[in-house]
Amino acid sequence: GRGRGRGRGHGHDPAAPVTPEDWNEVEASPQILPFQGQHGPVVNGATTALHFFNLLFSINVGLMVVETDRYAGQKYAADWSDIGEAEMQALRSILILMGINGLPNMRIDWSDDDSLRNRTISSCMPRHLFDRILRYLHLANSTAAAGDRIRKVRQYVHTINNVCKTNYNPGRDISIDETLVPSK
C-alpha cells in the first residue's frame with residue numbers, strides 16, 4: 001500500500017473479507033503551516049465606516065435608476081416620474097435599516113403615531129415615494145436574455161462577488177455552508 005488506509009496492495013481481491021491485518025498504522029501527522037496572510041477588510045483608503053460601506057456596496061446605483069425608470073415606462077405607470085440616484089440610495093438605506101429594525105409591517109415606519117414612527121426613515125423619504133419606487137424597482141432589463149433564469153440579478157451577483165474578492169481577505173478558518181456545496 002501507500003502507507004495509508006487499508007494497506008491493500010495491488011493484486012488483492014476486492015471481494016475478499018477485510019481482516020485486522022489489512023489495516024496499517026500511519027505514524028506521520030500532516031504538517032500544518034502557519035497562516036501568514038493578512039486577513040480582514042482591505043481598507044483601500046477607506047477611513048470611515050461610510051467609506052468602507054461604499055466599497056462593499058458599490059453596486060451601480062445609476063444602472064438601478066435606469067432600469068427602474070425603464071420598467072415603470074414598460075408598465076405605463078401613470079404615477080411615475082423619473083427618479084435620481086439620491087432617491088435610489090435613500091431607498092437602499094431605508095431597506096437596510098428596515099432589515100435591522102425588523103418590524104412586522106413596512107408602513108409602521110411612517111406611522112402617524114409618534115411612538116411607532118421611525119423619524120430617520122420618515123424624514124428621509126415620504127411613504128408614497130418609497131412605495132412607488134419599490135413597486136417598480138428593477139436591476140436589469142426585463143426583456144433581455146429571456147432564457148437566463150437569474151438574468152435579473154446576474155450582473156449584481158457578479159459585482160458583489162468581485163467587490164468581496166477585492167475588499168476582503170478571508171482568514172485561515174473559513175466555514176462553508178452546506179447549501180453552497182452541490183451534492184446529489
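Contact means heavy atoms within 4.5 Å. This is a predicted model, where local features need pLDDT of at least 70, side-chain atom pairs count only at pLDDT 80 or more, and totals for chains, interfaces and linings use all residues. Residues are numbered from 1 along each chain as its sequence is written, and side-chain values use heavy atoms, with hydrogens and water left out.

**Loop residue Asn 118**
- Asn 118 lies in the loop between α3 and α4 (119–124).
- Beyond its neighbours within four places in sequence, Asn 118 contacts Leu 97, Asn 101 and Asp 109.

**Packing of α2 and α3**
- The axes (lines fitted to C-alpha atoms, for helices over the stretch in contact) of helix α2 (residues 61–74) and helix α3 (residues 85–101) come within 9 Å and cross at roughly 100°.
- The two helices α2 and α3 are therefore roughly perpendicular (65 to 115 degrees).
- On α2 the contact is made by Val 61, Gly 62, Met 64, Val 65 and Thr 68, and on α3 by Glu 85, Met 88, Gln 89 and Arg 92.
- Setting aside neighbours within four places in sequence, Met 88 is in contact with Val 61, Met 64, Val 65, Thr 68, Ile 83, Ile 133 and Leu 137.

**Largest nonpolar core**
- A nonpolar core is a set of buried Ala, Val, Leu, Ile, Met, Phe, Trp, Tyr and Cys residues joined through side-chain atoms within 4.5 Å.
- The largest has 22 residues, of which Trp 80, Met 88, Ile 94, Met 125, Phe 130 and Ile 133 touch the most other members.
- At least two residues of this core come from each of α2, α3 and α5 (127–136), and α2 gives the most, with 6 residues.

Notes:
Axes fitted to C-alpha atoms, helices over the stretch in contact; angles between N-to-C directions. Helix = DSSP H or I, 4+ residues; strand = E, 2+ residues; numbered from the N terminus. Parallel < 35°, antiparallel > 145°, perpendicular 65-115°, else oblique. Buried < 20%, exposed > 50% of the residue type's maximum accessible area, 1.4 Å probe, protein only.
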